[in-house]
Amino acid sequence: MGVWELLLVGVVMVLGLCGVLVPGVPGSWLVWAAVLWWALKDPQPLAWGVLVGATAVLLLSLVVRGVLPPRRLRASGATPRMGVYAGVGGLVGFFLIPVLGAVPGFMAGIYLYERLRLGRHGEAMAALRTTMRSGGSSVLAEFFACLLIAGA
């Protein structure tokens, strides 16, 4: 597999990660499709192992998201800008505290957005709790799964 093809696989993964934060875009499936593309173009045992692992993580994330409450983020006041803050926070956390840092990073991104918007700590914490209860946990589960797949 050439450099340009690997770069395109990476671009599809990044688009999938961004797609998780945008309602209606199948972000997790885009990330998985990028891994499938890579495995089909570079048929080595490692590639097939990563594809099997990615499939298992994706299916586990679907089960977890089925148990969590449905997404009603618009009703809680979530905006696309909040999604950007949450995504950047999750990505930074993923690299600062390897893998597990995505969860506090995601929540810190939402908190930062709310703190800048509302101005007070107490109100920002209340808004963070409301967002996470109204579907933020489902978005976090999908985003974390996609980060795990892309990291593999």
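Helices in this briefing are DSSP runs of H or I with at least four residues, numbered from the N terminus. The structure is a predicted model, in which local features need pLDDT of at least 70 and side-chain atom pairs count only at pLDDT 80 or more, while totals for chains, interfaces and linings use all residues. Residues are numbered from 1 along each chain as its sequence is written, and side-chain values use heavy atoms, with hydrogens and water left out.

**Helix α2 against α3**

- The axes of α2 (residues 27-41) and α3 (residues 45-67) come within 9 Å and cross at roughly 165°, where axes are lines fitted to C-alpha atoms over the stretch in contact and angles run from 0 to 180 degrees between N-to-C directions.
- That angle makes α2 roughly antiparallel to α3, since angles over 145 degrees count as roughly antiparallel, those under 35 as roughly parallel, 65 to 115 as roughly perpendicular and the rest as oblique.
- The crossing of α2 and α3 is left-handed, a term for a near helix turned anticlockwise from the far one by less than a right angle, with right-handed used if it is turned clockwise.
- Contact means heavy atoms within 4.5 Å, and on the α2 side the residues that meet α3 include Trp29, Trp32 and Trp38, with Trp48, Leu58 and Arg65 among their counterparts in α3.
- The residues of this contact between α2 and α3 divide into 14 nonpolar, two polar and one charged, where Ala, Val, Leu, Ile, Met, Phe, Trp, Tyr, Cys and Pro count as nonpolar, Asp, Glu, Lys and Arg as charged, and the others, Gly among them, as polar.

- α2 and α7 pack at an angle of about 10° with their axes 9 Å apart, which makes α2 roughly parallel to α7.
- Gly27, Ser28, Val31 and Val35 of α2 make this contact with Glu142, Cys146, Ile149 and Ala150 of α7, and the residues divide into five nonpolar, two polar and one charged.
- α5 and α7 pack at about 45° with their axes 11 Å apart, which makes α5 oblique to α7.
- Met82, Gly87, Gly90, Leu91 and Phe94 of α5 touch Thr131, Phe143, Leu147 and Leu148 of α7, and the crossing of these two helices is right-handed.

**The second largest pocket**

- About 190 Å³ of space lies in the second largest pocket, and its lining includes Val14, Gly87, Leu91, Phe143 and Leu147.
- At least two lining residues come from each of α1 (3-20), α5 (80-96) and α7 (121-151), and α5 gives the largest share, five residues.
- By class, the lining of the second largest pocket has nine nonpolar, two polar and no charged residues.

Note on methods
1 Å grid on protein atoms, 1.4 Å probe; cavity = no way out; pocket = protein on both sides within 12 Å on 5 of 7 lines; lining within 4 Å. Points joined across faces, edges and corners; volume = space filled by probe spheres on them.
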